[in-house]
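Subject: Structure handover

Hi,

Here is the structure for you to open. My notes follow below it.

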Amino acid sequence: MDFMNWLNALPGAAAQGMIWGIMAIGVYVTYKILDMADLTVDGSMVTGMATCAMLMASGWSVWPSMLISILAGMLTGLVTGIFHTVMGIPAILSGILTQLILWSANLKIMGKANQALPARSFNVLLTQLRKYEAIVYLIVICIVLIAVLYWFFGTRYGMSIRATGCNAKMSRAQGINTNKNKVVGLAISNGIVAFAGALLAQYSGKADINDGRGAIVIGLAAVIIGEAIVSRMGQNFIIRLTGVLVGGIIYYIVYQTVIFIGLDTDLLKMLSALVVAIFLAVPNMKKKYFSKAHKRAKEAA
């Protein structure tokens, strides 16, 4: 591995890591706050990319394009929420169904499999041609996003959504409309994911129908890595959200390093899945085997 080339690639990896970290914050909302596995994100990520790219290609400016991308992403979460709460379809199947719908919807939005969004032709907010400027913009965006989420989930309604994820039965007993909260949570989650998609489309200079494939795995990896990093720093909500963001950056830097090492790129998705599996398994294995060992040692003493 050429160390200098790897070092030069770090700013780009950090910028992309922050974008995927924003996506991972969306995954965190469903996976950790609502306690749901939402597979919609593989499709809603592309919805954000496609919507932003096509609006900007039609002459719209960057901010309205991103706002509509967020609304489009929230709509995808609404569809998943209706499947789950109104139709009674299990959450994981609801996400899969919406994801399949979005494959066709995203193709219709773009009219083809991909849409170019070159920074030299469009007034984009982020571009890999100006990596350090992109990093500054992304840091500001991440600070604002975490602050808004911290405020919202600290409100009475935000806390009712958190209560729904913690214990839905008890929440219903307290008069909380858990179905409504699930739909709102899914909409917020996928709105954030679509926002990340809009940023990624600008940064990479394109929107492609395949760009969201495996997004849920990357999001889970970032969430799990982030939780491992901040587990000893307390349970403050801001710290946990920041940990998810840092997890996304670490994931993408490792991803970039693996490419530089020369690992077959066909194996990268498998590597991502194995990383998630290991991080998910370790806490359970520690609890299962270490508690038994501790119990035996206590009995022997």
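Thr127 sits in the loop between strand E1 (114-116) and helix H5 (131-152). Helices (H or I, at least four residues) and strands (E, at least two) are DSSP runs, numbered from the N terminus. The model is predicted: local features need pLDDT of at least 70, side-chain atom pairs count only at pLDDT 80 or more, and totals for chains, interfaces and linings use all residues. Residues are numbered from 1 along each chain as its sequence is written, and side-chain values use heavy atoms, with hydrogens and water left out.

Thr127 has a relative accessible area of 4%, so Thr127 is buried (buried is under 20%, exposed over 50%, partly exposed in between; 1.4 Å probe, protein chains only). Its side chain reaches the backbone nitrogen of Leu129 at 3.1 Å. Leaving out residues up to four places away in sequence, Thr127 touches Ala119, Ala134, Gln202 and Tyr203 (contact means heavy atoms within 4.5 Å).

Ser121 is also in the loop between E1 and H5. Ser121 is exposed, because its relative accessibility is 57%. Ser121 and Gly205 are 84 residues apart in sequence, and 10.0 Å apart in space, C-alpha to C-alpha.

Now the surface. Leu75, Leu78, Val79, Ile82, Val86, Met87 and Ile101 form a nonpolar patch there, with about 610 Å² of accessible area together. Helix H3 (residues 62-85) gives the largest share, four residues. Ile101 lies in helix H4 (residues 91-110). Ile101 is at 44% relative accessibility, so Ile101 counts as partly exposed. Accessible areas come from the Shrake-Rupley method with a 1.4 Å probe; for residues, only the protein chains shown count as cover.

Best wishes

Notes
A polar contact is a pair of N or O atoms within 3.5 Å; within protein, one must be able to donate a hydrogen and the other to accept it, and residues adjacent in sequence count only if both atoms are side-chain atoms. Patches are made of residues with over 30% relative accessible area and no salt bridge: like charges are joined within 9 Å, nonpolar side chains (Val, Leu, Ile, Met, Phe, Trp, Tyr) within 5 Å. A salt bridge is a side-chain nitrogen of Lys or Arg within 4 Å of a carboxyl oxygen of Asp or Glu.
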